[in-house]
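Subject: Structure handover

Hi,

Here is the structure I promised to pass on. Have a look at it first, and then read my notes below.

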Amino acid sequence: MKITDIKVFVCCPGRNFVTVKISTADGTYGIGDATLNGREMAVVTYLEEHITPCLIGKDAHQIEDIWNYLYKGAYWQNGAVSIAAIAAIDMALWDIKGKLANMPVYQLLGGKSRKGITVYGHANGESIEEVLQNLGTMIKDGYKAVRLQCTIPKTKGTYGTMEGKKNYYELQGNRPLPPEQEWSTSKYMNFIPELFKQAREKFGYDIALCHDVHSRLTPIEAARLCKLLEPYNLLFIEDAVTTENPEGYKVIREHTDTPLATGEKFNAIWDAKEMIQNQWIDYVRTAVTHGGGLTPLKKLADFASLYHVRMAPHGAPDLSPICLMAHMHFNLWAPNFGVQEFIGFGTPELNEVFLYDIALKEGLLYMEDKPGWGVDFNEEAAKKYPYKRSYLPVSRLEDGTLWNW
Ligand code: GCO
Ligand code: MG
């Protein structure tokens, strides 16, 4: 089945998304997500200038060969920009394969391992009281797992809580320059255990709780935080330290049994290999979009399963609904699936551009069985929301030193 056309779309229904659409000789098409938050146009150029000319006329069924052609064939393997581009092609090809087989993609992987997808939602707030109020609502709504993030008192702008009550999660697609936030490790470390203490006092231990450190700590600081949090029995602590130096996770592991999650910035299985093999982490958070597509992600899942490591794919709002739907299929199949990050059902603008059907029942996400990924892209609606340059924030210590955001 020959590839006849590849188009790349950039739109901003609330925030920027890069979408790839591949068409084949019989009129079948597949879509993929290539969004790389804050660096979108680099991926667009990579796709339009360096990938699409090579694929016209190739057989859309040869997913494995095309993946290697783009990855090994570039000579410059890896890197966030090229991997997001390859991922979108890979996703679009799996969508096509599913449509041609008249099957949902999870069937092509080996079928369902579970009936629904356990998700963790976000309870954010500018005070502990507010976070706990939101947590209470989510428990009532049936969530089985929730991530807690709270503004750190006496600092300017905290991850996950900076844009006011209606927009905790950086939904804004319009930051023409990077806003700056302030970070204080000591204020953070003195505050976070109290958040979880009060959450457990108020809601008990049935609800699974997690927290994203967003790579702000050193390994020994992270070890101390994880120890302080041990009494509150967390599902996991996410991105306690950056992953350039995997042994950081060894340091944490030696001091605490709080489970650890990382990997939303991994580009390849090799980024995760050492941490998985050494059992320094418990959950891998790599998304289909940022990990190179379904083709490498299924290998990563199988490799992780050998070491009792579970998959907990990244589900931030900068991953488009195409990625969410790809995760639905991946998670339904992966025997070692753990939990899916889920930030809700999206804005009316988002759901005008991306058409998909999901339902949350008692903390589990379900979808209808449709061929391919079961998500469509409305090109006409997308035209109403043109790209707006937008950056992620940057972070500085109180003395002005640039820090990890
Ligand atoms: C998460 C992530 C996001 C990232 C965002 C960057 O756990 O959901 O850490 O909040 O910051 O995806 O683009
Ligand atoms: Mg994260």
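Ala 85 touches Ala 34, Val 43, Tyr 46, Leu 47 and Ile 51, leaving out residues up to four places away in sequence. By "touches" I mean that the two C-beta atoms, placed from the backbone, lie within 7 Å.

Before going on, two notes on conventions. This is a predicted model, where local features need pLDDT of at least 70 and side-chain atom pairs count only at pLDDT 80 or more, while totals for chains, interfaces and linings use all residues. Residues are numbered from 1 along each chain as its sequence is written, and chains are lettered from A and ligands numbered from 1 in the order in which they are written.

Back to Ala 85. Along with Ala 88, Ile 89, Val 146, Ile 281 and Val 284, Ala 85 touches the most other members of the largest nonpolar core, which has 116 residues. Such a core is a set of buried Ala, Val, Leu, Ile, Met, Phe, Trp, Tyr and Cys residues joined through C-beta atoms within 7 Å. Buried takes 20 or more other C-beta atoms within 10 Å of a residue's own; exposed is 12 or fewer, and partly exposed is in between. H3 brings the largest share of this core, twelve residues. Where does the core lie? Between domain 1 (3–103) and domain 2 (108–372), because both give residues to it.

Those two domains are what the domain assignment of the chain gives; the bounds come from an automatic or database assignment. Their C-alpha centres are 26 Å apart. Domain 1 puts 35 residues into the contact and domain 2 puts in 28. On the domain 1 side, strand E2 (17–24), strand E3 (29–33), H2 and H3 each supply at least two residues. (Helices, H or I with at least four residues, and strands, E with at least two, are DSSP runs numbered from the N terminus.) H3 gives the most to that side, with 13 residues. By class, the domain 1 side has 17 nonpolar, eleven polar and seven charged residues. Here Ala, Val, Leu, Ile, Met, Phe, Trp, Tyr, Cys and Pro count as nonpolar, Asp, Glu, Lys and Arg as charged, and the others, Gly among them, as polar.

H3 (residues 80–101) also packs with H2 (residues 63–71), at an angle of about 170 degrees and with the axes 10 Å apart. The axes are lines fitted to C-alpha atoms over the stretch in contact, and angles run from 0 to 180 degrees between N-to-C directions. H2 and H3 are therefore roughly antiparallel (over 145 degrees; under 35 is roughly parallel, 65 to 115 roughly perpendicular and the rest oblique). Among the residues making this contact are Trp 67 of H2 and Trp 94 of H3. The contact divides into nine nonpolar, no polar and two charged residues.

Is Gly 98 buried or exposed? Gly 98 is buried, since 22 other C-beta atoms are within 10 Å. Beyond four places in sequence, its contacts include Met 103, Leu 108 and Trp 373.

Finally, two loop residues. His 214 has a positive phi of about 55 degrees although it is not a glycine, and sits in the loop between strand E7 (208–212) and helix H7 (219–229). His 214 counts as partly exposed because it has 19 C-beta neighbours inside 10 Å. Gln 279, not a glycine either, has a positive phi of about 55 degrees. Gln 279 is in the loop between helix H9 (269–277) and strand E10 (283–284).

Cheers
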